[in-house]
Amino acid sequence: TNEEIIMKRRETLANMCDERARVLQDQFNVSLNHVHALSILVSTFHHGKTPSAIDQKTFEEYTERTNFERPLTSGVAYALKVPHSEREKFEKEHGWTIKKMETEDQTVVQDCVPENFDPAPIQDEYAPVIFAQETVSHIVSVDMMSGEEDRENILRARASGKGVLTSPFKLLKSNHLGVVLTFAVYDTSLLPDATEEQRVEATIGYLGASYDMPSLVEKLLHQLASKQTIAVDVYDTTNTSGLIKMYGSEIGDISEQHISSLDFGDPSRNHEMHCRFKHKL
Ligand code: WA2
């Protein structure tokens, strides 16, 4: 009967949506674990050794060769915590000035590359990127605390000791919405039961990964069958008064929609996958 066909169709949609949500969530979780491990690698071989065993070239080589470990990421980078009192010494040592992050609504598009960025204005502290995977080499020397979403992530990462996610925003040199995942790197003196204040005090840097949602979700869905059949949207649903679409299209009939939950590992952000058939019954 017609009713049975509709029921069956609804069930198929639910199964396909749940499977896609699970694959995306698992891939995200795999890369989150590897970004975490990378933060420990930097702690061990950059901060834990004198002289450091990591420089930009080593970081670039290692992150490129282990890229397969971080599906969905478009690049990883490491920023140092630099208090204002150490800025001059830091800039002299590195031979460049700490740059202010500028977004396209402040500059014309062709100026929106870090080579043209202005020096960061005076702040209590900075988070200049010192190592970057080649795919995000344009953020080297940029103060990550001068970008609203990156700054919020850095503050939350170091106070919590957990991996934290930004809400979706337009990444530098990208036309898409993306998210950034950040882990703080601490001085080895930090105890596991430390307070927030002790965590902030023991922070020495920030390891971050950027996720270009549209291109990466697209790549993932391509690997699954029946891409022709269903349309998939991914939303940040943290703010219930305004969902943010991180990935998706306008096609399909939303009257028959299935919603699968997504857990990207940061309890203060919520995500959902919305699926529908591309063609009416
Ligand atoms: N990485 C890549 N592109 C970006 C970006 C970013 N942040 N922010 C805006 N566009 C080094 O949390 C520390 C990476 C920030 C880490």
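The model is predicted, so local features need pLDDT of at least 70 and side-chain atom pairs count only at pLDDT 80 or more, while totals for chains, interfaces and linings use all residues. Residues are numbered from 1 along each chain as its sequence is written, and side-chain values use heavy atoms, with hydrogens and water left out.

I begin with the ligand. The space it takes is the largest pocket. On a 1 Å grid over the protein atoms alone, a pocket is an open set of points with protein on both sides within 12 Å along at least five of seven lines.

The side chain of Asp150 places an N or O atom 2.6 Å from a ligand nitrogen. A ligand nitrogen also lies 2.9 Å from a backbone N or O atom of Leu172. Thr182 brings a polar side-chain atom to 2.8 Å from a ligand oxygen. Taken alone, the ligand exposes 400 Å², and the protein buries 98% of that; these areas come from the Shrake-Rupley method with a 1.4 Å probe.

I turn now to the disulfide. The structure holds one, defined as a pair of cysteine sulfur atoms within 2.5 Å. Cys17 is joined to Cys275 with an S to S distance of 2.1 Å, and the link is right-handed, with 75° about the S-S bond. Because Cys17 lies in helix H1 (residues 2-47) and Cys275 in strand E14 (residues 271-277), the pair ties together parts that are 258 residues apart in sequence. Cys17 is buried at a relative accessible area of 0%, and Cys275 is buried, also with 0%; buried means under 20%.

Finally, consider Arg87, which is found in helix H3 (residues 87-94). Is Arg87 buried or exposed? Its relative accessibility is 10%, so Arg87 counts as buried. The Arg87 side chain reaches the backbone oxygen of Ala120 at 2.8 Å and makes a polar contact with the side chain of Tyr126 at 3.1 Å.

Note on methods:
Helices (H or I, at least four residues) and strands (E, at least two) are DSSP runs, numbered from the N terminus. Buried means under 20% relative accessible area, exposed over 50%, partly exposed in between (1.4 Å probe, protein chains only). A polar contact is a pair of N or O atoms within 3.5 Å; within protein, one must be able to donate a hydrogen and the other to accept it, and residues adjacent in sequence count only if both atoms are side-chain atoms. On a 1 Å grid over the protein atoms alone, a cavity is a set of points where a 1.4 Å probe fits but cannot get out, and a pocket is an open set with protein on both sides within 12 Å along at least five of seven lines; lining residues have an atom within 4 Å of a point. A molecule sits in a cavity or pocket if more than half of its atoms lie within 2 Å of its grid points.
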